[in-house]
Amino acid sequence: MGMEEVTLFFTKFSTKDYILIVFFSFGVWLSYYVLMIFLFKVSGIDLSLASFILIASIATVIVSLPIQGIAGFGTVEVVWGTLLMALGTVEKSIAFTTTVKVHLLAMVAFLVVGAVAGLVYLIRK
């Protein structure tokens with residue numbers, strides 16, 4: 001795909017489309033943070049909001065590096081577990097088992113969100 005095709009693709013969007021993209025993108029990230037806070041609290045790890053935002057933000061940046069396994073398994077758990085232990089929040093065994101559980105539940109939640117988005121796309125089309 002050349003630059004001309006990319007430019008042509010983006011010129012097809014209206015201002016309303018860009019606003020909707022930003023709105024839904026913000027909603028996806030907000031739902032990710034809320035889901036992670038909920039899942040960690042349910043798992044018995046009580047983090048302050050500041051600690052959680054710090055850990056989630058660092059983890060998001062590190063996990064975005066192209067060193068992932070299948071579905072991010074391994075990278076996500078190591079980053080989250082290490083950051084939880086670094087803050088002195090939990091011990092090693094709890095940190096890593098909890099992050100595996102949270103990763104699986106988050107994947108299921110995002111599959112549901114993706115399915116709903118796919119249905120909305122099909123309905124609007």
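**Exercise 1. The largest pocket**

Determine which helix supplies the largest share of the lining of the largest pocket, and describe that lining by class.

*Solution.* In this predicted model, the largest share of the lining of the largest pocket comes from α5, which contributes six residues. Turning to the helices that each supply at least two residues of this lining, one finds α2 (15–42) and α5 (92–124). The volume of the largest pocket is about 450 Å³. The lining consists of 13 residues, and those closest to the centre of the pocket are Phe-24, Ala-117, Val-120, Tyr-121 and Arg-124. Sorted by class, the lining has ten nonpolar and three charged residues, with no polar ones.

**Exercise 2. The second largest pocket**

Work out which helices each supply at least two residues of the lining of the second largest pocket, and how many of the lining residues are nonpolar, polar or charged.

*Solution.* Begin with the volume, which for the second largest pocket is about 310 Å³. Next, take the lining: 14 residues surround this pocket, and Tyr-32, Val-63, Val-76, His-103 and Phe-110 lie nearest its centre. Four helices, α2, α3, α4 and α5, each supply at least two residues of that lining. Finally, the classes are eleven nonpolar and three polar residues, while no charged residue takes part in the lining of the second largest pocket.

**Exercise 3. Phe-23 and Phe-24**

Classify the ring pair of Phe-23 and Phe-24 from its geometry, and decide whether Phe-23 and Phe-24 are buried or exposed.

*Solution.* The count of aromatic pairs comes to three. For Phe-23 and Phe-24, the ring centres are 5.4 Å apart and the planes stand at 65 degrees; because an angle over 60 degrees counts as edge-to-face, the pair is assigned to that class. For accessibility the cut-off for exposed is over 50%. Phe-23, with a relative accessible area of 54%, is therefore exposed, and Phe-24, at 52%, is exposed as well.

**Exercise 4. Phe-52 and Trp-80**

*Solution.* As for accessibility, Phe-52 and Trp-80 are both buried.

Technical notes
Residues are numbered from 1 along each chain as its sequence is written. This is a predicted model: local features need pLDDT of at least 70, side-chain atom pairs count only at pLDDT 80 or more; totals for chains, interfaces and linings use all residues. Side-chain values use heavy atoms; hydrogens and water are left out. Rings of Phe, Tyr and Trp (its six-membered ring) pair if their centres lie within 6.5 Å; planes under 30 degrees apart count as stacked, over 60 as edge-to-face and the rest as tilted. Buried means under 20% relative accessible area, exposed over 50%, partly exposed in between (1.4 Å probe, protein chains only). On a 1 Å grid over the protein atoms alone, a cavity is a set of points where a 1.4 Å probe fits but cannot get out, and a pocket is an open set with protein on both sides within 12 Å along at least five of seven lines; lining residues have an atom within 4 Å of a point. Grid points are joined across faces, edges and corners, and a volume is the space filled by probe spheres set on the points. Ala, Val, Leu, Ile, Met, Phe, Trp, Tyr, Cys and Pro count as nonpolar, Asp, Glu, Lys and Arg as charged, and the others, Gly among them, as polar.
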